[in-house]
Amino acid sequence: SSNRKQDTLLAYWSSKEIPMDLKDNIVGYWDLRAQGYSLANREEFADKQSIYGRLLTAWASKITSPNPKALDLGCGPGFFSLILSQMGFHVTGVDASPKMIEQARANAAENGLNAQFILSDATHPKLSEHYDLIVTRNLVWNLTDPATAYKNWSKLLKQNGLMLIFDGNHYYYLTEPKYRLPEGPQSSHKHIGQVDPSVMEKIATELPMTKHLRPQYDETLLQANGLVVVAEQILRTFSRGDESLVADFLIVAGREKKHYAD
């Protein structure tokens, strides 16, 4: 059935004859990637030198609220959720991919961790809680409406809370060709199996963030929703001639810089 789903996606993007919602395409792709992505996440979870794990831990450690609550948006197989649960956070993970949620629940159970995972559109999470920490990794670039996502997420953040956005200019090369990674756009994919990543490249041509240079554009959206950039870290760059171009980054946002700026 996975092969049939992939064939359907490819047929749609080559012919446009199969009526298919853009979000359905995105979910379908990540359903196909779930098992391999989970394997990569499990390896990363076991790697205590992971830059993502270390940065998440460092910033999450600044949350001093009793019984802190964390929201992991686009949680995938649960990498961030597991780390935060180990740290004592009450974690809610949200993802639109049923297969990713299955993997997240299995990974939490295997590690004896008690995190809640909800199948939901991350742009419009149906949640009534407020959170001390909101985290995302490689989610915003593949949202169909990132402006609305930031608006909704800002409403879920507590007054002294932090929002961590790990992301990158993954498909910006479709707008600005010089941003194509020298080693190729799919070089970071692991355990991809039989999934054809060109499906996502075709989907990315329709996505808003493909058209914007980041993290500058994210800063504009965050500020429009009453958040300030507490810190920003460039995680990976590459050279194109004399230019140093941003590949991956971390934005830390909050309502007031003074709480966490140190």
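By a nonpolar core I mean a set of buried Ala, Val, Leu, Ile, Met, Phe, Trp, Tyr and Cys residues joined through side-chain atoms within 4.5 Å. The model is predicted.

Entry 1, cores. I looked up the largest nonpolar core and found 30 residues, of which Leu84, Phe89, Leu133 and Leu164 touch the most other members. Two or more residues each come from helix 3 (51–60), helix 4, helix 5, strand 4 (131–137), strand 5 (157–168) and strand 7 (243–254). A second core of 25 residues is separate and includes Tyr131, Ala149, Leu222 and Phe249. In soluble globular proteins, nonpolar side chains tend to be buried together.

Which residues of helix 5 are buried? I found Met100, Ile101, Ala104, Asn107 and Ala108. These cover an arc of only 130° around the axis, so they lie on the same side of helix 5. An α-helix has 3.6 residues a turn, so residues three or four places apart point the same way. Ala109 and Glu110, on the other side of helix 5, are exposed. The buried residues of helix 5 pack against helix 2 (22–46), helix 4 (79–86), strand 2 (90–95) and strand 3 (116–119).

I checked the span: at 1.5 Å a residue, the 13 residues (98–110) should span 18 Å, and the end C-alpha atoms are 18 Å apart, which agrees. Just after helix 5, I noted that Gly112 has a positive phi of about 65°.

Conventions. Residues are numbered from 1 along each chain as its sequence is written. This is a predicted model: local features need pLDDT of at least 70, side-chain atom pairs count only at pLDDT 80 or more; totals for chains, interfaces and linings use all residues. Side-chain values use heavy atoms; hydrogens and water are left out. Helices (H or I, at least four residues) and strands (E, at least two) are DSSP runs, numbered from the N terminus. The expected span of a helix is 1.5 Å times one less than its number of residues. Buried means under 20% relative accessible area, exposed over 50%, partly exposed in between (1.4 Å probe, protein chains only). The arc is that of the directions from the helix axis to the C-beta atoms. Contact means heavy atoms within 4.5 Å.
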